[in-house]
Amino acid sequence: MEGAWEIAFVLFQVWLSIVVGLIVLPAMFGVSLGFTDIYIRVLVKTLEWATLRIQRGQKEQPTLPSQSANGIIEKDDGSMEEEIGELRRSHPKNLVGGDFTMCDAFYFCKKGIENIVEDQVTQRFTSEELASWNLLTRTNNNFRYISVRLTIIWGLGVFIRYCILLPLRITLAVIGLSWLVIGTTIVGLLPSSNAKNWLSDLVHITCYRICARGLSATIRYHNKENRPKKGGICVANHTSPIDIVILANDGCYAMVGQVHGGLMGVIQRSMVLSCPHVWFERSEMKDRHAVAKRLKDHIADKTKLPILIFPEGTCINNTSVMMFKKGSFEIGRTIYPVAIKYDPQFGDAFWNSAKYNIVSYLLRMMTSWAIVCNVWYLPPMTRQDGEDAVQFANRVKSAIAHQGGLVDLSWDGGLKREKVKESLKEEQQKMYSSMIVAICACGDGSLIKKA
Amino acid sequence: MGSTSSTLLKIPNVEVLMQETGFSPAHMIRLHDRFKALDKEGRGHLCPQDFGAIKELAMNPIGDRIIGAFFCPGKETVDFHTFVKILAHFRPVDKNRPKEPNSPEPINSRSNKLRFAFQLYDQDKDGKISRDELLKVLQAMLGMQVTEEQLESIADRTIQEADLDRDDAISFEEFRKVSPEILHSRCFIKV
């Protein structure tokens, strides 16, 4: 019995040193030994083969419907005016004037039914559908049994992901986070100086690099010349908490967020020791002016790192960008927009906080194939004269959506949890009433037909 | 790994449903997925709040009525069967269907589409749209944008134009006469 424990211990030590030697140390120095690249290449080839095999299998059984990633609605993209106009023009009495007709209701009815079958907002809060299966059980949507070989590859994939990659990744994550806490605490003991800042940056970046390896993350950074500078604000679209790891792999940022308890709180407190981050108490968050002031003070100090903010306020599924909250854009400094786009083929990075808590989410991340994403640094933007915060926010949002190939929506991400505001319904009513020509704002309430 | 045909079989009475509604297997699966997605608590049926969660529908001035159309009077839940049957109204009309004298009218006929629209107005289901019912719909569609008097004028004029038998209400036949031809070709579910 003793012997078995000793052997296990020795094996564990060997394994740990391999991990540290081959993964952690190179990661800290930003050197890649190429394992991840090889892994990704093998993965891509396998998935391509799997896709072809599935397509061939589907062709051989034509009775089965193939997956259509498109909706089932054939939408007319006409505006309210166009569609109601068309309904009226084909009226038996051939009305041209634009009076109210009973069939106007049919326009709203049609829109309503369309939205019941498929709507633009709800689908953004669930994971993106894949056009072809990527051999993960969780994305299996009606992909039927095709061949023995495919099943074997799938089984092999399960084994590799859960028995080899998962323990490895958990080890790396633990090492990375412990290093962050210990490293920042040590650096915090030093007096303020340039050396301290440099060391703090080093500790942060090495920790994030280890964490990135812990997710098998392959990140491609584009336009590095536009990287956020000190005293600026970096805004990005939000898909998951991993966004922070992705961005911090290539630069140092001051994080903004709520103070948490537990493990998260420990990490937050130690990070603050080595360089200033902006952590808010829950009570402070309600006071918008206090929040704005703290952020302003931070960026006014040119020695402090650029702040990282996610203006959507919640995680969206990486197919679209939702409304940016104007708070960050009122502070009035240079904004450095960043677009992050994950490749869903290798692993779905979206955190559906309604379905999974943070631990289940991280476990899912660690049992995916890999995280592959592209990061684009966009040229800095500033608020122009005559532009208010909301317009500026929309401008930045469009730029990010355009670069990342995401749909630009003006819906509020807060709709994930809240109800639609009455004002939106009123807007619809206003639009419709403007089409009823017979109405005019006469004080006496009489109807006067406009010419 | 799941199979498409087994997913189809999970839907109870799917063959009958497909025949009654004319939806293809792909559409049935799609609608079933949507039904399950709306049924967040997995109860197997939908209640009005599940529909209310669709943001774009909540913004629709007559959204409440459309939701109400799914629920039979007195019932608080709608199962998948009913869900699909009601959506079947909005399938495009089958122009090439042979007219068999004894077969029931298809759900997506022009007549049934009109009846659906008619029932949005006729909430008490007495077969006529009274002046009050018309006013309520106008109120919903126009909200605070117009005054009471303007609403009443519009209602009066509409009834005047459509009401042929002078009973101060609009029957289904009268409604049909003032509805445009294009109504039946306003299909929006891909064939």
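1. Helix α1 (residues 2-28) of chain A is the main contributor to a nonpolar surface patch, giving 5 residues to it. Helices here are DSSP runs of H or I with at least four residues, strands are runs of E with at least two, and both are numbered from the N terminus. The patch is made up of A:V10, A:V14, A:I18, A:L22, A:L25, A:F29, A:V31, A:L33 and A:F35, which together have about 820 Å² of accessible area. Patches take residues with over 30% relative accessible area and no salt bridge; like charges are joined within 9 Å, and nonpolar side chains (Val, Leu, Ile, Met, Phe, Trp, Tyr) within 5 Å. A salt bridge is a side-chain nitrogen of Lys or Arg within 4 Å of a carboxyl oxygen of Asp or Glu. Areas come from the Shrake-Rupley method with a 1.4 Å probe, and for residues only the protein chains shown count as cover.

2. The model is predicted: local features need pLDDT of at least 70, side-chain atom pairs count only at pLDDT 80 or more, and totals for chains, interfaces and linings use all residues. Residues are numbered from 1 along each chain as its sequence is written, chains are lettered from A and ligands numbered from 1 in the order in which they are written, and side-chain values use heavy atoms, leaving out hydrogens and water.

3. A:L25 counts as partly exposed because its relative accessibility is 40%. Buried means under 20% relative accessible area, exposed over 50%, and partly exposed in between (1.4 Å probe, protein chains only).

4. The UniProt record, an unreviewed entry, marks residues 12-35, 146-164 and 170-190 of chain A as "transmembrane region". Such positions are given in the numbering used here, feature names are shortened, and annotations may be inferred rather than shown by experiment. In the model, residues 12-35 of chain A are 75% helix and 0% strand, with end C-alpha atoms 21 Å apart. Residues 170-190 of chain A are 90% helix and 0% strand, and their end C-alpha atoms lie 31 Å apart.

5. A:L168 is in helix α5 of chain A. Leaving aside residues up to four places away in sequence, A:L168 touches A:W15, A:V19 and A:I23; contact means heavy atoms within 4.5 Å. A:L168 and A:G261 are 93 residues apart in sequence and 27 Å apart in space, C-alpha to C-alpha.

6. Chain A as a whole has 14 helices and 9 strands. Of its 451 residues, 49% count as buried. Among contacts in chain A between residues at least 6 apart in sequence, 76% join residues at least 24 apart. Chain A exposes about 22400 Å², with carbon and sulfur atoms supplying 60% of that area.

7. Strand β7 (residues 335-342) of chain A is mostly covered, with 8 of its 8 residues buried. In a regular strand the side chains alternate between the two faces of the sheet. In β7(A), A:I335, A:P337, A:A339 and A:K341 point one way, while A:Y336, A:V338, A:I340 and A:Y342 point the other way. Strand β2 (residues 233-236) of chain A runs parallel to β7(A), joined by 4 bridges, and A:A236 stands opposite A:V338. Strand β8 (residues 371-377) of chain A runs antiparallel to β7(A), joined by 5 bridges, and here A:A339 stands opposite A:W376. Two strands pair if DSSP finds at least two bridges between them.

8. Helix α8 (residues 262-274) of chain A has A:G265, A:I267, A:Q268, A:S270, A:M271 and A:S274 buried. Their cover includes α5 (148-188), α6 (194-213), β3 (254-258) and β4 (278-280) of chain A. β3(A) and β4(A) pair in the parallel sense over 3 bridges, with A:V256 opposite A:V278. β3(A) also pairs in the parallel sense with strand β5 (residues 307-309) of chain A, over 2 bridges; there A:M255 has A:L308 as its bridge partner.

9. Most residues other than glycine have a negative phi. A:S216, not a glycine, has a positive phi near 50°. A:S216 sits in the loop between α6 and β1 (217-222) of chain A and is buried, with a relative accessible area of 11%. B:D168, also not a glycine, has a positive phi of about 60°. B:D168 is in the loop between α10 (148-162) and β2 (169-171) of chain B and counts as partly exposed at 48% relative accessibility.
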